[in-house]
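Please open the model in your viewer and keep the selection tool handy. We will walk through it stop by stop.

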Amino acid sequence: MDAIEERKVYRLVLTGGPCGGKTTGQSRLCTFFENLGWKVFRVPETATILLSGGIKFADLVAEEDRSKKKAHKPGTSAGTAAVSASSTSDATKPAVFKDGVPEHSVIDIDKITTCPRCMAAAVGKVGDVYKFQENLLRTMIQIENTYFELGRTSNKNCLIICDRGFMDASAYISKEKWDRMMRSNNWNPVELRDNRYNQIIHMVSAANGAEQFYATEEHSCRSEGVTLARELDYKAASAWIGHPYFDVIDNSTDFENKVNRMIECVCQKLGIDIGDRLSITSRKVKFLVSGPMPPDTSFPAFQDFEVVHHYLQCAGPRVQARLRKRGQNGRWSYIHTIRRPQQHGQSIEVRTQLSHRDYLNMLTQQDDAHFTIYKKRRCFLVNNQYFQMDIYKEPSHPRCKGLILLETYTSLTGDKLKAILPKFLNIVKEVTGQPDYSMFNLSLREDWNNTKKFCYSLHDQDDAEVKTNGHSQKMINGKA
């Protein structure tokens, strides 16, 4: 592979709720990667560009408002009554949110600056902003494409940080109008959510878990109270449910470590060894779930995907490679993953997005010692935590029949970890790190008692082995 092929272009969306640390996090992330020798591009928020150019919500008229104006012309009794009602209600009562905090974009429309939250507040008051949102998204796509192309032509590894992304707009418009916008522009969420960006990071609002630090004074376009800020935070996070690499950075630590966790999260996805520079580590935890599945109505907002995994032939026993096809409604994304041990005792996964053609070409390297794995993957948010639940499907080895596994990334342990788990699921036990629940082992065609391919760990290969339940179990740190 030549130098050009080895260069990385990583497209990251940094989003979040009010007072979540997005601006500070972006600056710190930029500095961190520039110190590693990367080129960093920061894509500005499209709403900032458009609204700071003189656009006012007072100039935007909703479709509903147009029809009302046609039906109630000035001078008619209906029109006079409408004007009178408006004069005695809207004009005399400043608009406030339900937590009692006035919204500046409603009170003084000329002072609106750069805030997508103001767009949400304006809906139904000074205009539906449907057409504005549609043009905003078209502009966003073009601006991002310009930076993406610059990244592809850079002679360095390149990190492209998008200040919010395409799906953020869906949080501020009704589902009906969002679906209409998708259809009329021939847009589809798999391409514009899953394939367009490599990773999404949501910085949780201080209003959710760090209320004592929530402030509005230092932001010229923020006036939300705590209750509304929590609602907006949830909406912003929910817009990205379903992205394969969506990470939520909560307020379980102080702000310094919150930013460090965000940077560490990006480094982990890129396979960059950061040693002990960032002390707080979020890890993947896995739980066994017992069926039957609760009804869909028991779940919060969720996205379902069909997922197909193929393991590939590898040169050595300490390396695992696999392909993943993931999609909705006939639209697919493709990922190649290589998993190998790291010198600091932890395994690292390096993921590369593939085209459909590259995916088909790499399928020729499929390892016949493994079944193809078929799953339904359900993604959802509970207790400010992003979960992925894998429901194994046939055809598969009998050991996978009825298997349901729940995964999330967190720095919590013990009772604090148990407290964030979904109460509507029957969680049997935690199985993090247990080889019997590794997808590599679950996909093996041979019985575990007879195979030499069963993987206990990608590192510590010289550890002693003992026999347990008919197959060998490694002794790690003196414990079985």
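Start by selecting Pro395, in the loop between strand 12 (385–393) and strand 13 (404–410). In this predicted model, the peptide bond that joins Glu394 to Pro395 is cis, with omega near 0°.

Next, go to Pro292, which sits in the loop between strand 6 (283–290) and strand 7 (302–312).

Now turn to backbone phi angles. Select Cys19, in the loop that runs between strand 1 (9–16) and helix 2 (22–35). Cys19 is not a glycine, yet its phi is positive, about 60°.

Then pick Asn186, in the loop between helix 9 and helix 10 (189–195). Asn186 is not a glycine either, and has a positive phi of about 55°. Is Asn186 buried or exposed? Its relative accessibility is 65%, so Asn186 counts as exposed.

From there, show helix 8 (residues 130–153) together with helix 9 (residues 175–184): their axes come within 11 Å and cross at roughly 50°. That angle makes helix 8 oblique to helix 9, and the crossing is right-handed. To see the contact, display Tyr130, Gln133, Glu134 and Leu137 in helix 8, along with Lys177, Trp178, Arg180, Met181 and Ser184 in helix 9. Colour these residues by type and you will find four nonpolar, two polar and three charged.

Finally, zoom out to the whole chain, with its 15 helices and 16 strands. Of its 480 residues, 48% are buried. The chain exposes about 23,700 Å², and carbon and sulfur atoms supply 50% of that area.

Key: Residues are numbered from 1 along each chain as its sequence is written. This is a predicted model: local features need pLDDT of at least 70, side-chain atom pairs count only at pLDDT 80 or more; totals for chains, interfaces and linings use all residues. Side-chain values use heavy atoms; hydrogens and water are left out. Axes are lines fitted to C-alpha atoms, for helices over the stretch in contact, and angles run from 0 to 180 degrees between N-to-C directions. Helices (H or I, at least four residues) and strands (E, at least two) are DSSP runs, numbered from the N terminus. Angles under 35 degrees count as roughly parallel, over 145 as roughly antiparallel, 65 to 115 as roughly perpendicular and the rest as oblique. A crossing is left-handed if the near helix is turned anticlockwise from the far one by less than a right angle, and right-handed if clockwise. Contact means heavy atoms within 4.5 Å. Ala, Val, Leu, Ile, Met, Phe, Trp, Tyr, Cys and Pro count as nonpolar, Asp, Glu, Lys and Arg as charged, and the others, Gly among them, as polar. Buried means under 20% relative accessible area, exposed over 50%, partly exposed in between (1.4 Å probe, protein chains only). Accessible areas come from the Shrake-Rupley method with a 1.4 Å probe; for residues, only the protein chains shown count as cover.
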